[in-house]
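Thanks for coming. Please have the model open.

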Amino acid sequence: MPPLEIQVVRHHYSERPEHHILADTKPGTAWTSYLPWKTSASGESRTRKDGRRPFAGRITSSSTISEGGKSVNHDEPLTSRSTAENITGFRNPWQSWHQPTHGEVWRSLQWGLDKDPCIDLGAKRALDAPSNDIENILNSREKQAAALLRIVKPDFTFDSQKHRARVTWLGHAGVLIQLPPLKQGAKPVRLLFDPIFSMRCSPSQLAGPLRSYPPPCAVEDLPEIDVFVISHNHYDHLDYDTVLKVWERNKQHLRFVVPLANRQWIINCGISEDRVTELDWWDAASLTSSSHDRGEVYESAIRLTCTPAQHNSGRGFDSNETLWSSWYLEHPGTKAASQPYRIFFAGDTGYQFHDSPGWPPPPPSAAENLQSYDYPACPGFEEIADRLGSPHLLLMPVSVGATHDFVRSLTFMPDATNPVPRHTPGVTAHNHMPPWDAVRVLRLMTKKQSAAEASPVAIAMHWGTWAEPEEVLKTLGQLEWACVAHKVQFARELGASRSAGKTACFLAINHGQSVDV
């Protein structure tokens with residue numbers, strides 16, 4: 001079976017986009033991005049009155065597939081087409097990217113037992129989980145976490161006559177999205193985002209963070225994959241062994257779509273050059289059935305847009321040399337449901353720095369204390385919704401990840417006496433979105449959704465994979481509390497009674513579990 005046809009629409013800039021770097025001004029390394037540095041990762045730039053850094057020279061008209069009157073080869077890297085600049089790296093172009101000072105880092109550190117009340121809030125849900133060992137569950141964080149976050153065997157069956165999409169969480173940020181076929185009698189279109197099937201997210205499988213939860217299935221168990229998409233090149237999102245295994249099983253039809261400057265790494269893995277497409281922010285790829293001729297204007301196409309994210313990149317000494325992104329997916333609809341269906345995959349991203357060690361407000365807090373913010377929020381998410389429409393389904397990160405917990409685990413000491421401190425979530429929230437901000441972004445991106453459309457759904461990802469038991473309980477508790485505080489429904493599975501105009505729903509599902517929407 002041949003691959004899907006791809007046609008790229010490049011967003012046109014009259015000047016260099018402000019997230020591009022033309023000189024070597026990249027501070028820090030990818031995994032220590034929360035530490036203070038003398039130079040801001042955003043670089044020097046003018047600011048607007050609202051404190052945000054705009055993109056330089058952005059054209060607000062529709063995108064174009066030509067530059068300088070010449071046709072654009074969709075497989076040609078953007079850097080090689082540029083005659084006016086030499087891109088050496090990337091940066092976050094907003095004032096919301098705030099590198100904490102030494103004092104802010106120090107105030108965020110915590111030693112001893114974690115007394116976050118959200119741990120107990122999450123643990124209470126364990127009593128509702130099916131178990132024959134209730135007495136021991138009451139006294140064991142490990143068993144509470146095991147009861148609340150399980151591994152289930154994935155079911156990849158997708159009925160495109162009944163549903164607009166089927167999403168399966170494969171652990172951490174890995175998700176498989178299945179969409180209705182683009183022509184009658186064809187198989188579903190399947191896109192795989194940020195998968196990692198290795199046990200360690202590390203340059204070597206001999207050392208580095210080890211999964212607490214193994215993958216819910218093997219690569220060999222996956223159905224045929226059409227498009228492999230990555231958000232950035234951190235080891236917990238781009239895994240060498242996973243790339244090779246997925247390619248070997250799907251090389252007749254698989255395409256890779258990656259953010260700018262990641263193309264060469266994929267090719268160096270042995271992937272055919274004509275199967276790898278890289279996009280800059282606001283570039284879009286139209287995917288169509290291979291029965292169409294290249295160059296035709298497709299009316300029935302899946303549109304995959306590379307959208308901004310507030311994060312960084314690096315696999316060692318290459319900090320911020322490759323672009324990071326979120327992704328926005330739009331399916332044109334079917335005969336049964338003719339309206340387009342929109343999905344937002346946030347990848348790995350932050351939203352807003354929070355200086356206060358007491359943030360987020362613990363449950364229960366007075367409503368008037370919930371919205372006090374001293375630093376600007378990232379404007380990228382609202383811009384995505386304004387440009388592309390309110391998403392119906394959002395895949396949202398809700399946890400910092402593995403690195404800091406891995407460093408703390410090297411002491412082999414219990415939490416109460418561990419000399420390596422924890423840090424509060426606010427000090428890294430500019431780079432990693434915690435549950436409180438994930439719920440805020442859900443509300444922000446769907447606030448203009450039509451009342452006639454079904455209520456939006458978010459699915460939590462980037463959590464519960466390289467996590468200790470207390471981290472699992474804390475994440476669940478913080479997400480539930482954030483939903484309560486922001487009037488969003490929190491659930492562990494999607495009910496069948498969703499309808500137009502109802503409250504948005506935020507799901508925290510099990511490894512391997514699928515959601516039909």
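I begin with the core. The largest nonpolar core has 97 residues, and the members that touch the most others in it are Leu395, Met396 and Phe506. By nonpolar core I mean a set of buried Ala, Val, Leu, Ile, Met, Phe, Trp, Tyr and Cys residues joined through side-chain atoms within 4.5 Å. Buried is under 20% relative accessible area, exposed is over 50%, and partly exposed is in between, with a 1.4 Å probe and protein chains only. Helix 11 gives the most to this core, with 8 residues. A second, separate core has 23 residues, among them Leu176, Phe197, Ile225 and Leu254.

A word on provenance. This is a predicted model, in which local features need pLDDT of at least 70 and side-chain atom pairs count only at pLDDT 80 or more, while totals for chains, interfaces and linings use all residues. Residues are numbered from 1 along each chain as its sequence is written, and side-chain values use heavy atoms, with hydrogens and water left out.

Back to leucine 395. Setting aside neighbours within four places in sequence, leucine 395 is in contact (heavy atoms within 4.5 Å) with Val167, Val175, Ile177, Ile343, Phe344, Phe345, Ala346, Ile459 and Met461.

For the chain as a whole, there are 11 helices and 22 strands. These are DSSP runs numbered from the N terminus: H or I with at least four residues for helices, E with at least two for strands. Of the 517 residues, 58% are buried. Among contacts with a separation of 6 or more, 74% are between residues 24 or more positions apart.

In helix 3, residues 117-124, the buried positions are Cys118, Ile119, Gly122 and Ala123. Down the helix axis they fall within an arc of 145 degrees, so they line one face of helix 3; the arc is taken over directions from the axis to the C-beta atoms. That buried set packs against helix 5 (141-148) and helix 11 (469-485). Aspartate 116 caps the N-terminal end of helix 3, with a side-chain oxygen 2.8 Å from the backbone nitrogen of cysteine 118.

Helix 8 covers residues 380-388, and its buried residues are Gly380, Phe381, Glu383, Ile384 and Ala385. Their cover includes strand 14 (302-307), strand 15 (326-331), strand 16 (341-345) and helix 10 (435-445). After helix 8 comes glycine 389, with a positive phi near 105 degrees.

Which residue in strand 15 deserves a stop? Serine 326 is found there, and at 0% relative accessibility serine 326 is buried. Its side chain makes a polar contact with the side chain of threonine 307 at 2.6 Å. A polar contact is a pair of N or O atoms within 3.5 Å; within protein, one must be able to donate a hydrogen and the other to accept it, and residues adjacent in sequence count only if both atoms are side-chain atoms. The serine 326 side chain also reaches the backbone oxygen of proline 308 at 2.6 Å. Among the residues that serine 326 touches are Cys306, Phe344 and Ile384.

Last, asparagine 92, in the loop between strand 5 (89-90) and helix 2 (102-108). Asparagine 92 is buried at 1% relative accessible area, and its side chain reaches the backbone oxygen of histidine 311 at 2.7 Å.
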